[in-house]
Amino acid sequence: MMEERKTRISVRGKGNGRPQKSAFSFSGGLFKALRKDPVIKEIYALAVPTSRLRRSAGVKIYLVGGVLRNLLIGEAPGADYDLCVEGGADRLKGGTVREVSRRLAEALGGSFFLLDEESSTWRIAVKGDIQRTVDIAPVRGSGITADLKERDFTVNATALDIRDVFENERPSLVDPCEGIEDAKKRILRPVSAMVFDEDPLRMLRAVRLSQQYAFKVEKSTRAWIKEKARLIKKSAMERIRDEMTLMFAHPGTAESMKTLFTLGLLGTIIPELKYWQSGEDGWQSGEAGWQAASYDIASHSLKTLKEADYLASGRQGRLAGRRGRSVGRAEKLNGGLKGFFDFEGGMGRQAERTVTFKLAAFFHDIGKPLTMKAEGEDRQGRLVGRRGRSVGRQGRLSGLSFMGHDVEGEILVKKILRRLKFSRRVIRAVAAIVRNHHRIFTLASLSEPSGRTRAHFFNAAGKAGWQAGGETGLFLLMLGLADARATRGSEDRRLLSVVKEMLEFYFNVYARGGAESILGGGEIMDTFNVAEGPVVGRIMRELCSAFEEGTVRGKKDAVRHIRKWLKVSESEERGKKTVDFCPRRY
């Protein structure tokens, strides 16, 4: 048992850019937060001495894992609870755990199911404004202390008897691995040297927790991970995907991907990135002659991802020059993006967009190594040909080209994301963004794109990827900015101007539903006194064109525009034998 601490803990550390908070005091704040939690209250109702379950079986229910860890470091507790059940004559068969799960699910209005038969772990899923999950398992080994010593990291290896939250003035945590001290220092340390052998996924989790909660991974821990990186192949792809998704959902993704490169984990998970391996002279690959002097794909991809991170998280960020020096602040963009991306780090639809966008930013140039063509010398004086292979000796390097890298990239990213078990929806969207990521640069090259051209940009992108409605077009706009910033180290003023105009067009015109949402067929016949027939179709087509041009934004604009258009049409048709336009006959 820990010694009672009454002072507040000040926690400092680097991480995802968020301001660090003071942790709760152990004599009050931590437990006050738990007493208010609706799930904890229901768990306590099952654990009190008057409960028939406790009276018959002598059951203890412990809160363990992430909720406690988050409260110890001053973060929000989250919505994923882990419980350990100790006691009960039939605990080895999981009968007590099942009964606790059934009762708690009933109290919370959720459903419960067996999550893992081998460990007798049950899961409760509760839907609502906040989707909560509760995982319940029997205590492993001889008791709760032995159970905690078998967990992954010391900060996750604390436990609290639920009764103590409500019944003791001086409640205490079970802390056999000094997790409280590590939480104070924001240090991520495994409970033993075997944790990565027992479950290799914990290596990914270490990087993800350091990103999400600003933990510092110990030097010796990093060395263990690098040594055992190949073991990650033993983990199920679905579990790897879940950890990667969390990394891409939260700020700080670029730094985590760089860490995964350095530790050898990313190359093991995605062998297609062999061209991106780290060398003494920087990011380079030895196998295919993909020299950093020719094109530094890893650094560019990481810089693009970092800029995408700023855009998706709602932070302005600072634009970095070629030597990493700040050269100014990025400009704010359309406020509509705040509702499009998830700025709070949740896991809803907006978070799915964030993950999709950042995956596309990371992989947007993945097809370049397969399409590289060059003429001239590499640093060893050899002529570099297709795919970076030496083809002889000649003069100086004259340039590189990557024709077709968008197509190759689309094929490759589909293969990678399918293997990682991402959803078809995400795969389709990421592949479409990678395939079309140069569209915005083509648009920016036009002196003055028309409204119809702007609408076509979103229409074409929508059909290719996320959904009809042009959301993929927003991804392309944001990726264009991130890509240009990463390449130039400064803002491309022309591109920024075009992106701002396109965002205004999308949120103020395009996303409002089209001309059909302003005037329907029946309203057209009544307003302009025309009969059902081809004239209605002509009016609708003219209205759609005006809408795409941006000259029509509401019903008043539409009526005014069509009246003027009808007068012009009448004068042009006057004198002809057949007139398409005719008044309605009654």
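Mentor: A disulfide is counted where two cysteine sulfur atoms lie within 2.5 Å of each other, and a search of the whole structure on that basis finds zero disulfides. What we have is a predicted model, in which local features need pLDDT of at least 70 and side-chain atom pairs count only at pLDDT 80 or more, while totals for chains, interfaces and linings use all residues. Residues are numbered from 1 along each chain as its sequence is written, and side-chain values use heavy atoms, with hydrogens and water left out.

Of the 586 residues in the protein chain, 51% are buried, where buried means under 20% relative accessible area, exposed means over 50%, and partly exposed lies in between, with a 1.4 Å probe and protein chains only. Cys 84 counts as buried because its relative accessible area is 2%, and Cys 177 is likewise buried because its value is 13%.

Turning to the rings, the structure holds 10 aromatic pairs; rings of Phe, Tyr and Trp (its six-membered ring) pair if their centres lie within 6.5 Å, and planes under 30 degrees apart count as stacked, over 60 as edge-to-face and the rest as tilted. Phe 357 and Phe 475 form a stacked pair, with 6.3 Å from centre to centre and 15° between the planes. This pair links distant parts of the chain, since Phe 357 sits in helix 17 (residues 349–363) and Phe 475 in helix 23 (residues 471–488), 118 residues apart. Phe 357 and Phe 475 are both buried. The rings of Phe 458 and Tyr 506 have centres 5.0 Å apart and planes at 45°, so this pair is tilted. It too links distant parts of the chain, with Phe 458 in helix 22 (residues 451–464) and Tyr 506 in helix 24 (residues 493–508), 48 residues apart, and both of these residues are buried.

Ring pairs also join Phe 248, Phe 261, Phe 362 and Phe 363 into a cluster, which leads us to the nonpolar core, a set of buried Ala, Val, Leu, Ile, Met, Phe, Trp, Tyr and Cys residues joined through side-chain atoms within 4.5 Å. The largest such core has 121 residues, of which Met 257, Phe 362, Phe 363 and Leu 477 touch the most other members. Leaving out residues up to four places away in sequence, Phe 363 touches Ile 270, Leu 273, Val 413, Ile 416, Leu 417 and Val 434; contact here means heavy atoms within 4.5 Å. Across the protein chain, among contacts between residues at least 6 apart in sequence, 66% join residues at least 24 apart.

Terms used: Helices (H or I, at least four residues) and strands (E, at least two) are DSSP runs, numbered from the N terminus.
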